[in-house]
Amino acid sequence: MEDRHVSLPSFNQLFGLSDPVNRAYFAVFDGHGGVDAARYAAVHVHTNAARQPELPTDPEGALREAFRRTDQMFLRKAKRERLQSGTTG
């Protein structure tokens with residue numbers, strides 16, 4: 001299986017966010033052509049989302065930016081390590 005999943009029901013607590021909304025994070029990453037991209041996304045998307053200052057006011061935009069940043073990070077890693085996989089989330 002190339003798929004990875006993440007379940008973080010206490011997202012705010014995990015990242016020490018003082019947000020009046022109790023946030024949770026659930027994700028499934030469907031690997032394509034290998035597990036590398038799915039594994040990488042499962043480790044980094046939620047961390048990148050938590051780092052977005054607009055998370056409390058624009059969670060959709062924060063998640064979009066987290067995916068974009070994770071994609072850029074993985075592309076650098078893939079080039080360096082000659083990885084060929086991809087993922088959808």
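Me: Is Gly33 buried or exposed?
Reply: Gly33 is exposed, at 68% relative accessible area. The cut-offs are under 20% for buried and over 50% for exposed, with partly exposed in between (1.4 Å probe, protein chains only).

Me: What kind of model is this, and which pLDDT limits apply?
Reply: The model is predicted: local features need pLDDT of at least 70 and side-chain atom pairs 80 or more, while totals for chains, interfaces and linings use all residues. Residues are numbered from 1 along each chain as its sequence is written, and side-chain values use heavy atoms, with hydrogens and water left out.

Me: Where is Gly33, and what does it touch?
Reply: Gly33 sits in the loop between S2 and H2. Helices (H or I, at least four residues) and strands (E, at least two) are DSSP runs, numbered from the N terminus. Not counting residues up to four places away in sequence, Gly33 touches Glu2, Gln84 and Ser85; contact means heavy atoms within 4.5 Å.

Me: Changing topic, what is in the largest nonpolar core?
Reply: That core has 15 residues, and Val6, Leu8, Phe11, Tyr25, Phe29 and Val45 have the most contacts inside it. Strand S1 (4-8), strand S2 (25-32), H2 and H3 each supply at least two of its residues, and H2 gives the largest share, 6 residues. A nonpolar core joins buried Ala, Val, Leu, Ile, Met, Phe, Trp, Tyr and Cys residues through side-chain atoms within 4.5 Å.

Me: And what does Val6 contact?
Reply: Leaving aside neighbours within four places in sequence, Val6 contacts Tyr25, Phe26, Ala27, Phe29, Ala42 and His46. Apart from this core lies another, of 5 residues, among them Tyr40, Phe74, Ala78 and Leu83.

Me: How many aromatic pairs are there?
Reply: There are 4. Rings of Phe, Tyr and Trp (its six-membered ring) pair if their centres lie within 6.5 Å; planes under 30 degrees apart are stacked, over 60 edge-to-face, the rest tilted. Phe11 and Phe15 form a tilted pair, 5.0 Å centre to centre with 50° between the planes.

Me: Why are those two separated by about one helical turn?
Reply: Because Phe11 and Phe15 are 4 residues apart in helix H1 (residues 11-15). Phe11 is buried at 3% relative accessibility, whereas Phe15 is partly exposed at 28%.

Me: Which pair links distant parts of the chain?
Reply: Phe29 and Phe67, tilted, at 6.3 Å and 50°. Phe29 is in strand S2 and Phe67 in helix H3, 38 residues apart. Phe29 counts as buried at 1% and Phe67 as partly exposed at 34%.
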